[in-house]
Every structure is written in structure tokens, then in C-alpha cells.
Amino acid sequence: MSAELAAARARIAELEARLEESEDTLAAIRRGDFDAVVVEGPDGERLVYTLENADRPYRVLIEQIQEGAFTLSAEGTLLYGNRRLAAMLGLRQERLIGQPLRRFVLPQDAGALDALLAGAAEAPARAEIGFRDAEGAQHPVHLSLARLERDGGAPLLCGVLTDLTEQRGRLDELAAANARLTAEIAERERIEDALRQSQKMEAVGQLTGGVAHDFNNLLTVIKSSTDLLKRRELPEERRARYVLAISDTVDRAAKLTGQLLAFARRQALQPETFDAGASVAAIGDMVGTLTGARIRVGVRLPDLPCYVHADPSQFDTALVNIAVNARDAMEGEGTLTIEVAATESVPASRGQMPVRGRFVAVSVSDTGTGIAPEVLARIFEPFFTTKGVGQGTGLGLSQVFGFAKQSGGEVTVDSALGRGTTFTLYLPRAEAPASAPRTGAQEPGPSRGHGTCVLVVEDNAEVGSFATQTLAELGYGTVWVRDADAAVAELERAPGRFDVVFSDVVMPGRDGVDLAGEIRRRWPAVPVVLTSGYSHVLAQEGTHGFELLHKPYSVEQLSHVLSRVVAARRRAG
């Protein structure tokens, strides 16, 4: 074992000696002590090693690379430049020598070049600057500089120049493509919004006839009741009954206009969790108005709530659109049944496999003529309709299909000629909301004002007069103005006089929301209550945190909202 160890040590010593000799020889060649060294190759041939043929591969490499490579003096004068650099700067290669690099740098980047030269003397430095070739064409480039030590001489700088023109061009193309894509997305969203609005308005258009009929009925009740109330000999019992009839009729009219505004209002999709059964029950009256008296409408609801997460307005619109098709299929006479139920799957339809899961199924069945098989495959296509000119745009069922898909659900159709059709809307079941809104107890009667001063801002003379007279009878002090500017003038004249401002939203000039915002900024202690029958400002922007009383409002509603905000102000003060 000791002999083997000794032999290994001897071999190591021999190799170390040969390595040291090779390093000394190479250093001597680089210093110029020898012109050449003759070595023996693997097969015994003699090889001549010179500095020139040792460096030739590296020189060829520098000349062939696609980056501009160069050597600079410490002052920034070109001492060498490869062919690529000459092509980039627009000069012949031999004419590069002696040129200051600054000559090719854009004036606004001269300071950046000076910083690079100074920094490269200490450590590698790099930056993006602008270059200009001999013909004046400008190019963005990436410049890298590093210190190059020399034996017996002052250090130099070596550098690499990369032309970024093509890269910047690609980036510009990508930016332009991204801008086009963004514009196309915005345009698509605009078109989709317009399509949804068209679908809503078609549903409103289908409702117009029935709504006009219902409103005329309501107005007949009100007109007849007021005529009877004018009779002096009318007994008190009948007088009270007619007054109650007027009040109930106004409530029904307000409900009907509220439902119409929910359809017509232009608004973005606003998904929320709601009980599908409760929504179907609420829209039942409108469906009855839509279909007419000769079509019997039946509603079947589950014992337990069936919650879904979707846009409630779109849900109502989908039901109206299905009901429109059912009405037309029954030619104005038959039975329409709406049923809500929980289910654990969506059946196969239109070539798609069944889907397992927790869904709420809302089905609308009619006893109409049914849908022909050749038509059934196209009923959800936008603008496809079998109705005559002026009787439909073909957008109704496409809205139903789009709403179902957008909500993560499906819509199926089961139809047979002569037996009727059933549309079933499947929506994913949702968990019950964390806290359901509570229904407040019925207010016992109007609250007394006890001298509370109200600034009433109302441009309509009849409504303004009614509001001030009503408040005066309840013990409120009132000042009535017709517009926002007059209201601001009253507040500037005596800001401490008013306990609350009661303002309409839609008025000539500045609207009530703008007025309320100014009052909040200038007189934050004065509460504001807004009132409106409908306002596009409220539909698009909301109430901005102010109390809102919907028209038509009752005496009780007006007095309670005013007393509530005044009490809140006094507690805060």
C-alpha cells in the first residue's frame, strides 16, 4: 500500500511541475519573450504554438458576432471596432479608429455617456442611450462598458453596443396591438350593453299595452272615488271607503311604475343573492298584466326559500320574455304556470351532457301550439323570430339564454306541437344571505313636527304646495323654494334656521343630488332628505349616502323620515 501511495504522490508532483511549466511558458509568450513554442501532440507530431494563431479564433469570433464590439481609450476615443459596430455607425471599419464615441451619441444623452465612462473605470456599467449614425438616423441602443487592464500601460475600456431598434419596434407593435385589443373589448362591452338594453326595452314594449290597460283601470277607480267624495250627502262610512280605495289604488300604481322602472333603467349587471321564489311571486302581477285576462296565471312555490346569485333585474326580464312567447303561442287564451323548485341536476339539452349539482329550476309552461322541431334549434339565436314584421325583434329568448349562461346556469326547452311548451331556467343554488333584511313594523301614524323647520325644495307647484300644507298641519315650520340656487340663498341667509332640507332630485338647473352635496360640504350639520319618482342620476350613481323618499309618498312616510333624520342629528349634536 505504501508503494502505491508513493507512486501516486510522484505522479501528482510530476503533473504539478508540468502545469507550472505550461503556465510559465504561456506567460512568457504573452510578454513577448518567445516568438513560438514547439510542443508534441498526442500522436507524436510537432505543433507550433504562437500568440497569433492562439488569438485568431477569438478575433474571428469578435468580428462575426451580431453586437457592436469595441475598445476605447480612457477619454472615450475608439481604438478598435468590429464590423458590426461599423455597420451600426454607418462608417467603414478602418475609419472608426480615432473617432470619439461622443460623436455618435444624441446631445440629450451626452451626460449619460459621461456617467458611463466614469463608472466603467471602477466597475462594469451599462445603460440605454440614443445613438445617431453617420447619416443622421437615430437608434436606441444598449451600451455596456468594462475596464480592461494592460501590463505596462494605462487601462482601456472595452464595450458592447446592442441596437434596440428592432426590439423597440416589436414593443411598439405589441403596444399598438394591446391598444387595439383594449378598444375592441370596450366596443364589445358597449355592444353587449346596448344589446341588453334592447332586450330590456323589448320586454317593456311588450308590457306597454297591458300597463296602459291597468293604469286606465286604476285611474277609473281614483276618478270615480273623487267624484263620489264631492257629494255632500255621502255617509261617513262610504266616504272612508272611497278614501281607502284611492289610497290602495295609488299604492298599486306606484308598484306598477316601480316594476317598469326596474326593467327600463339602464344599469350595469349587479349580481346579488335573492330568493327566486319570492321574485317570482313579486312579478306574478306583472305577468298577469302582460298576458291579459283570458290567460290564467298559476304560480307554484316551494315551502323553503331557493336562493340564487344573479342579477335580479335580468332574472325578471328573462321571465317576462318567456311569458311573452307563451302568450303569443296561446293566442291570448290558455294557462300559464310558473314553478320554482330545487333540483340536483340539469338534464341533457342541445347535445350537452347532463350536469350534476345544486340548482334552482324555474319553469314556465304554457298550453300553446308548441314549437316545430326545425325551429326549436334556432329559438335562442339573436334576432331570430317567426313573428311578423313589427311584432318582435328576436331578442327576447337570446336574453334568456345569455342570462342563464352568464349566471353559470342553463335553459332547456321541452315542446310538442299542439301540447304546449315548457322553458326551464336552471341557476346554481346559493347559500342563504348572512342576514336577511327585516321588515319593519307598520308605523302607527304621522309624527308631529313640534316646530321643526323644513326647507322644501320642489319645482312642481302642486307637489310643493301639498308638501308644505301637509307639514304645516303636522306642526312643522316650512319654507318652500323652487330650485337649488334659491335653497342655497336661504341657507346662506339663515343657516341655523333650518333643521332639515327636503329636496326633489329632478329640477331645472342643478339637481337635488348636487344641492345635497353642497349642503354636506358647507353646512354638514343640516341633514338632507331627497325625493324622486325616477332619476337617471340616481339610477347611475346612487343616492350618495342621503336619505331617499320615493314618490308617491304618504303623509306617514314623509313625517317619519323627517323625524328620523332630525332625531339622528340631535343625537349626534
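**Close-up 1. Ser415 in strand E13 of the predicted model.** Ser415 sits in strand E13, which covers residues 410–416. With a relative accessible area of 19%, Ser415 falls under the 20% cut-off and therefore counts as buried. Leaving out residues up to four places away in sequence, Ser415 touches Gly370, Ile371, Gly420 and Thr421.

**Close-up 2. Polar contacts of the Ser415 side chain.** The Ser415 side chain reaches the backbone nitrogen of Ile371 at 2.8 Å. With Thr421, the partner is a side chain: a polar contact of 2.8 Å joins it to the side chain of Ser415.

**Close-up 3. Ala74 in the loop between strands E3 and E4.** Strand E3 spans 68–72 and strand E4 spans 78–81; Ala74 is found in the loop between them. Ala74 has 54% relative accessibility, so this residue counts as exposed. Leu157 is 83 residues from Ala74 in sequence. In space, the C-alpha atoms of Ala74 and Leu157 are 6.4 Å apart.

**Close-up 4. Helix H13 and its N-terminal cap.** Helix H13 runs over residues 512–522. Asp511 caps the N-terminal end of H13. A side-chain oxygen of Asp511 lies 3.0 Å from the backbone nitrogen of Val513. Val513 is itself one of the buried residues of H13.

How values were computed: Residues numbered from 1 in each chain as written. Predicted model: local features only at pLDDT ≥ 70, side-chain atom pairs only at ≥ 80, totals over all residues. Heavy atoms only, no water. Buried < 20%, exposed > 50% of the residue type's maximum accessible area, 1.4 Å probe, protein only. Helix = DSSP H or I, 4+ residues; strand = E, 2+ residues; numbered from the N terminus. Polar contact = N/O pair within 3.5 Å; in protein donor to acceptor, adjacent residues only side chain to side chain. Contact = heavy atoms within 4.5 Å.
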